[in-house]
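Thanks for coming. I will talk about charged side chains today, and about which of them pair up. Please have a look at the chain before I start.

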Amino acid sequence: MGGLLLLIPIIIIGFFIMLSGIFTVKQQTAAIVERFGKFLSIRNSGLHFKIPVFDKISGRINLKIQQLDVLVETKTKDDVFVRLKISVQFQVIKEKVYDAFYRLENPHDQITSYVFDVVRAEVPKMKLDDVFERKDDIAIAVKEELNDAMIDYGYDIIKTLVTDIDPDVQVKAAMNRINASEREKVAAEYEAEAERIKIVAKARAEAESKRLQGQGIADQRREIARGLEESVDVLNNVGINSQEASALIVVTQHYDTLQSIGEETNTNLILLPNSPQAGSNMLNDMIASFVASNQIGEEMKKQNEAKGITPKKRKKRTPPPADNIDDVEF
C-alpha cells in the first residue's frame with residue numbers, strides 16, 4: 001500500500017510532463033521550436049508534439065498582414081515644416097520565418113528607420129503644394145526602399161500610404177486665407193459680370209423706350225399736322241388764306257388751353273400773357289408776321305433770280321437707329 005502511494009505522485013508528475021510536450025499553433029501563426037537553445041524546427045498551425053524538458057517554444061511569429069504607422073517631421077523645399085503620417089503594411093514571408101525571427105531583434109524599429117530616411121530625402125526636394133500633389137510618389141519611393149532592405153530579413157512590404165500631411169498651424173491658416181481670397185476674387189468677377197449684364201439690359205430697355213417714345217411723338221405730330229392741314233383746307237374753301245387760317249388755328253388752340261386750365265382746380269400752370277385782348281393781339285401779330293415774312297421771301301427770291309442763283313434741293317438724311325447700343329462700352 002505504501003509503494004502505491006509513492007507511485008501516485010510520480011504518475012501525476014509524469015502526466016504533466018507528457019502534457020507539456022503537446023502544443024497547438026493558431027492559424028496564420030508560426031512557432032519556433034528549439035532544443036537546448038538551438039533552432040530545431042518551425043511549426044505551422046495545428047496540433048504538435050515536442051520532447052518535454054529538451055524542446056521548448058522559443059517564440060511565435062504572426063503571419064498576418066500588419067500595419068505600422070510612422071510620424072515623420074521634415075522640411076520642404078520652400079522651408080515649411082510639415083508632419084507626414086506614413087502607414088506601412090507588411091507581412092512575414094512564410095518561407096523566411098527563420099530569417100524574420102533570428103535576424104531582426106525589432107522589425108518595427110528597422111522599418112521606422114528606413115521610412116524616416118526615405119521621407120527626409122524626398123520631401124526636401126518638393127515645395128509644400130507638390131507634397132500634397134505628389135504624395136503617391138513619396139509612398140512609392142518608401143515602398144521600393146523598404147522592399148529592397150526588408151526582403152532579405154523575411155519581410156514583404158505590401159503597400160505604403162501617405163495617410164496625413166499636416167503643415168504648421170500658421171501655414172495652414174495662410175493657405176486658408178489664400179483659398180478664401182481666390183474664392184472672393186471669383187465671386188467678385190461673377191458679381192461684376194452680373195452687374196454688367198444688368199447695365200446692358202437696362203440700356204437696351206431705355207433705348208427701346210426712347211425709340212418707341214420718339215415714334216409715338218412723331219406719330220402724334222404727324223396726326224396734328226394732318227389735322228391742321230385739313231383745317232387749313234376747310235378755311236381756304238371759305239375764302240380764308242393760309243396765313244389767316246394758321247393764325248386762327250393758333251388762337252383757337254390758345255382758348256382751348258385756357259378752357260383746359262379752367263377745368264382743373266389744382267393746376268399750377270400759368271399762361272402768359274393772359275389778358276382779355278391777348279387772343280386778338282396774338283391773331284393780329286401773327287397775320288402781320290406772316291405777311292412780312294412772305295414779302296421778304298418774295299423779295300429774296302427775285303434777287304436770287306436776278307443773280308442767277310437757284311436754290312439747291314436738300315438731300316434727306318437717314319437718322320441712325322436709336323436702339324443700336326451694341327458698341328456702347330461699360
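Helices here are DSSP runs of H or I with at least four residues, strands are runs of E with at least two, and both are numbered from the N terminus. Counted that way, the chain has eight helices and eight strands. Keep in mind that this is a predicted model.

A few totals before the details. Of the 330 residues in the chain, 22% are buried. The accessible surface is about 24100 Å², and carbon and sulfur atoms hold 55% of that. If you take the contacts with a separation of 6 or more, 65% are between residues 24 or more positions apart.

Now the salt bridges. How many does the chain have by the rule used here? The count is seven. I will go through some of them.

Take Arg-211, which pairs with Glu-208; their closest N and O atoms are 2.6 Å apart. Both residues belong to helix α6, which covers residues 169–237, and they are three residues apart, about one turn of the helix. Arg-211 is partly exposed at 31% relative accessible area, and Glu-208 is partly exposed as well, at 29%.

Another pair is Arg-134 with Asp-137, with an N to O distance of 3.3 Å. Arg-134 has a relative accessibility of 38%, so it counts as partly exposed. Asp-137 also comes out at 38% and is partly exposed.

Then there is Lys-75 with Asp-79, where the closest N and O atoms are 3.5 Å apart. Here Lys-75 is partly exposed, at 36%, while Asp-79 is exposed, at 55%. Those two get separate labels because the cut-off for exposed is over 50%.

Asp-99 sits in helix α2, residues 97–102. Is Asp-99 buried or exposed? It is buried, and yet it has no salt bridge. The nearest side chain of opposite charge belongs to Arg-103, and that is 4.5 Å away.

What does Asp-99 touch, leaving aside its neighbours within four places in sequence? Its contacts are Leu-104, Asp-152, Tyr-153 and Gly-154. One of those, Asp-152, counts as negative, as Asp-99 does.

Note on methods. Residues are numbered from 1 along each chain as its sequence is written. This is a predicted model: local features need pLDDT of at least 70, side-chain atom pairs count only at pLDDT 80 or more; totals for chains, interfaces and linings use all residues. Side-chain values use heavy atoms; hydrogens and water are left out. Buried means under 20% relative accessible area, exposed over 50%, partly exposed in between (1.4 Å probe, protein chains only). A salt bridge is a side-chain nitrogen of Lys or Arg within 4 Å of a carboxyl oxygen of Asp or Glu. Contact means heavy atoms within 4.5 Å. Accessible areas come from the Shrake-Rupley method with a 1.4 Å probe; for residues, only the protein chains shown count as cover.
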